[in-house]
Amino acid sequence: VHFVPQAIFCDLHRNIDKYDFVGNMGKDFYFDLDRMANQFGGQLPEILNSSFGYKDHVMSGNHENTGKEGSGHAMHTPTKVARFYTARTVRRALEYLSIDYVLLGLQVPEWAKQMLRDESSSI
């Protein structure tokens, strides 16, 4: 695994209350960008919008991270992970990253729940 739980990497498990902003890259990613841009202001909204094209998503209420038009950075996670994950690897990843899910209040993605349900129904 090449990913360290953010609660450990950023020392969030000890210092989350000292951060001015904590967001995540889930379905509300663009809304978190908007919240951060509004919180810190200055040139940040324009810089973030030029990189991510988030303003149109927020204005339309679009809660699907389709990426900036033409950038190739869309998050089509369910389709991609089905090629690389099994129920066993999903379970291990969730165990490994459980501190993030608990500390940051993250929801287990629907694709992961479905993969685990499919496995248990085939046993």
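This is a predicted model: local features need pLDDT of at least 70, side-chain atom pairs count only at pLDDT 80 or more; totals for chains, interfaces and linings use all residues.
A residue is taken as buried when its relative accessible area is under 20% and as exposed when that value is over 50%.

The protein has nine helices and zero strands, and of its 123 residues 21% count as buried. Among contacts between residues at least 6 apart in sequence, 49% join residues that are at least 24 apart.

The largest nonpolar core consists of seven residues, namely F29, Y30, L33, A37, L48, Y54 and V58. At least two residues of this core are supplied by each of helix 3 (29-40) and helix 5 (54-60), and the largest share, four residues, comes from helix 3. One member of the core, A37, is in contact with L44, P45, L48 and Y54 when its neighbours within four places in sequence are left aside. Apart from this core lies another, of five residues, including A87, V90, L94 and M115.

In helix 7, which spans residues 87-96, the buried residues are A87, V90 and L94. These residues cover an arc of only 60° around the axis, which puts them on the same side of helix 7. In general, an α-helix has 3.6 residues a turn, so residues three or four places apart point the same way. The buried residues of helix 7 pack against helix 8 (98-103) and helix 9 (110-121), whereas on the other side of helix 7 R88 and R92 are exposed.

Conventions: Residues are numbered from 1 along each chain as its sequence is written. Side-chain values use heavy atoms; hydrogens and water are left out. Buried means under 20% relative accessible area, exposed over 50%, partly exposed in between (1.4 Å probe, protein chains only). The arc is that of the directions from the helix axis to the C-beta atoms. Contact means heavy atoms within 4.5 Å. A nonpolar core is a set of buried Ala, Val, Leu, Ile, Met, Phe, Trp, Tyr and Cys residues joined through side-chain atoms within 4.5 Å.
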